Amino acid sequence: MEPAHGNGVELVCKQGHPVTKYKKLRAWQGHTKDRACSGCAQPIDRKDFRWRCNHHCDWDLCEVCYDRHWTRVIHSAAKVQDPALRLELLEAVPGERRPSPDDPPFSPSKHPPRQGGAAAGSAGAASEASSSVKSTFFLLIVLACAWVASAMCYSSGATKLLSGGDKALFPDPWLLSGVAHIGGAIVCKAIAYLTKYDAEQDKEAVDTMSASVVGLMYGLENGLYAKVLCDVAAESRHDVYVLRPLVLAASGVLAGTNKPSARLVVSVVCVLLGSWLTSTGGAGFLTSFPWIALAGGITIFRWVFTLNVLPRHGGLPSLWCFAGQMMWPSGLVGFEIAFMSNHGSYRQLLHLPNPPEVLKIVPAIALACGLQLLVEFRVVQASSLWTLGLCIPLLQVSTLGLSVATFEGDLTLSNLLGVALYGVALVVEAAAFLKERASGTDANGYLKLAEESQVSSPPEPWHSAQEARSRQYAQPQQIKSEPLRKPHHRN
C-alpha cells in the first residue's frame, strides 16, 4: 500500500487538510470500529495516539509513518545545495521537529565543541531539573491555598443562601447550582477573552461536544452537592469533601495516570481517616452519604473523561476557556432539574426575602466556582489526580485552625489524631513526589499521560533518533528543486 502522505513535502490527509492534530480516542470511542493507519495499513490500538487533520476526516496516521515522513523531508533538505530551497523545505517541518539551518550537516563548522564536555552539560541539566521540581512544588502549594479559599467561599455562600428551610434566601439548590455555573461561565470566558486566548489557534482546544459531555456530568455532581449544603452542620463538617480523596484516587487509577500501589492505598486510608477525624465526623455524615456517594460516582467518570481532553500546554488561558465551556451545560442541567423537580422555585425568585443579600452572595460563589474548577485543572495538569486528592483535607484542617484561633471551637484528641494522620500522608507523598520528579521517573501523575501526548514537546536531535528511525523505516529521497506543491494522497 502506498503511504498516505506520498513523496511530497507537506503532510495532508486524503482531502488535502494539514495533519496537525495529535490525539487518542476518548473513553467512549473506538469500541465498535477498528482503526488502521492510512499510511502503512497497520492497526492502531484505541489506546494509542494517532495523527489526524482538524476536519474529522476518516483518516488516521500512526506515529511511525508520521516520523518517517518528516525524517525523509529533513534528510532531503540536507542534500539540497540551494540555501533558499533548503530553508523552504525546513519551514514545512513542524517547529518542534525542525533542525536549525546552522546545525550539522547544514553548517558543520559553525559549532565548536562546548566547554566542559558531557560532565558540565549533565550538571547543568541536573540543576535545571532540580529548579523545575522546586518550582512545581511551590506552585502546587499556592494552588492548594487558592483551592481552599475558593471552596470555603462557595460552600459557605451556598449554605447561607439555602439553609433555613422555608425561610431560605434562595428557593432551590438545583436552581442555585444553575445560576452559579452560568455566572462562573461568564467569568471564565471573560478572563479567557481578556488574556487574548484564541481557541482556533490552539491545537489542544477542547471541542464543544466533549466540553458539553463533561459539563453535564459536572452539573449533576454539583447539584447533588448543593443539596447537601442546605444543611449548616454538613457544611461546617465539609461532608461534601470527605470522600473526595478516595474518589480522585479511584479516578486516577481508572484513567491510568496513577498506578495502584501499597503506598497509594495506605495514603488514601490515612487521608480519609484524617479528614473524618479533623472534621469531627459523627453520625450526621450518614444523612448526607447517599447524595455524596452518588455525586462521587459521577465525579469519577467525569475526571476519566476530562483527562482525555484536558489541555497539556498553553497556560491558564486555555484552562479558563475550558472551564467556561464546561459551565454552560452545567448551568443548564441545574435549571432543567430545578424546573422538573420544583418549578415553583422560578416564581419564588420574584419574591426573595432579601434580594440585596442574594445579589452580593451569588456573584461571589460564581467567581469561586470558576476559580475552584480552574485550580483543579491546573493541579492535575501539573501533577496528578491523587495530588489534587491530597489537597482536599486542607479545607478541614484550615477550618479547624480558624475555629480554634477564633475561640469558636475546641481542639479535641480526635482532631489532633486526624491532623497527624493527614500530616504523615502528606509528608510521605511530598517526599515521593520530589524524589520521582528529581530522578525523572515519575511513576504516577498526569505528566505521564502528557508525555505520551505532547504536541509541542522538544524532539530528540534529528540526527540521532530521527536518523535511526529513517534507516529502519525508509530511505531518504531526493526532492527536486521546484516550488512546493501539495501531493495527491492515495489510500
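Which residues in the largest nonpolar core touch the most other members? I opened the notebook with this point.

**Entry 1. Basis of the work.** I worked from a predicted model, in which local features need pLDDT of at least 70 and side-chain atom pairs count only at pLDDT 80 or more, while totals for chains, interfaces and linings use all residues. Residues are numbered from 1 along each chain as its sequence is written, and side-chain values use heavy atoms, with hydrogens and water left out.

**Entry 2. Nonpolar cores.** I took a nonpolar core as a set of buried Ala, Val, Leu, Ile, Met, Phe, Trp, Tyr and Cys residues joined through side-chain atoms within 4.5 Å. Buried means under 20% relative accessible area, exposed over 50% and partly exposed in between (1.4 Å probe, protein chains only). The largest core has 71 residues, and Trp147, Leu161, Leu176, Phe322 and Phe377 touch the most other members. I then noted the helices that each supply at least two residues of this core: H3 (117–162), H4 (173–194), H5, H7, H10 (284–309), H11 (315–341), H13 and H14 (385–391). Helices here are DSSP runs (H or I, at least four residues) and strands likewise (E, at least two), numbered from the N terminus. H13 gives the largest share of the core, 13 residues. A second, separate core holds 25 residues, among them Leu11, Cys53, Val73 and Ile74.

**Entry 3. Leu161 and Ala168.** I looked up contacts, that is, heavy atoms within 4.5 Å. With neighbours within four places in sequence set aside, Leu161 is in contact with Ala168, Leu169, Phe170, Leu176, Val358, Ile361, Val362 and Ile365. Ala168 sits in the loop between H3 and H4. Is Ala168 buried or exposed? I recorded Ala168 as buried, at a relative accessible area of 11%. Not counting residues up to four places away in sequence, Ala168 touches Leu161, Leu162, Ser163 and Pro353. The C-alpha atoms of Ala168 and Leu352 are separated by 8.8 Å, although these residues are 184 residues apart along the chain.

**Entry 4. Cavities.** I searched the whole structure and found 2 cavities of 30 Å³ or more. On a 1 Å grid over the protein atoms alone, a cavity is a set of points where a 1.4 Å probe fits but cannot get out, and lining residues have an atom within 4 Å of a point. Grid points are joined across faces, edges and corners, and a volume is the space filled by probe spheres set on the points.

The largest cavity has a volume of about 140 Å³. Of its 14 lining residues, Tyr154, Asn222, Tyr241, Arg244 and Gln372 lie nearest its centre. H5 (208–228), H7 (239–242) and H13 (355–382) each supply at least two lining residues, and H5 has the largest share with 5.

The second largest cavity holds about 40 Å³ of space. Its lining consists of Ser155, Val228, Leu229, Ala234, Glu235, His238, Asp239, Val240 and Tyr241. H6 (232–237) and H7 are the elements that give two or more residues to this lining, with H7 giving the most, 3 residues.

**Entry 5. Cysteines.** I found 0 disulfides in the structure, a disulfide being a pair of cysteine sulfur atoms within 2.5 Å. For Cys57, the nearest cysteine sulfur is that of Cys53, 3.7 Å away. Cys57 is buried, with a relative accessible area of 10%. For Cys391, the nearest cysteine sulfur belongs to Cys145, at 9.1 Å. Cys391 is buried as well, with a relative accessible area of 9%.

Conventions:
1 Å grid on protein atoms, 1.4 Å probe; cavity = no way out; pocket = protein on both sides within 12 Å on 5 of 7 lines; lining within 4 Å.
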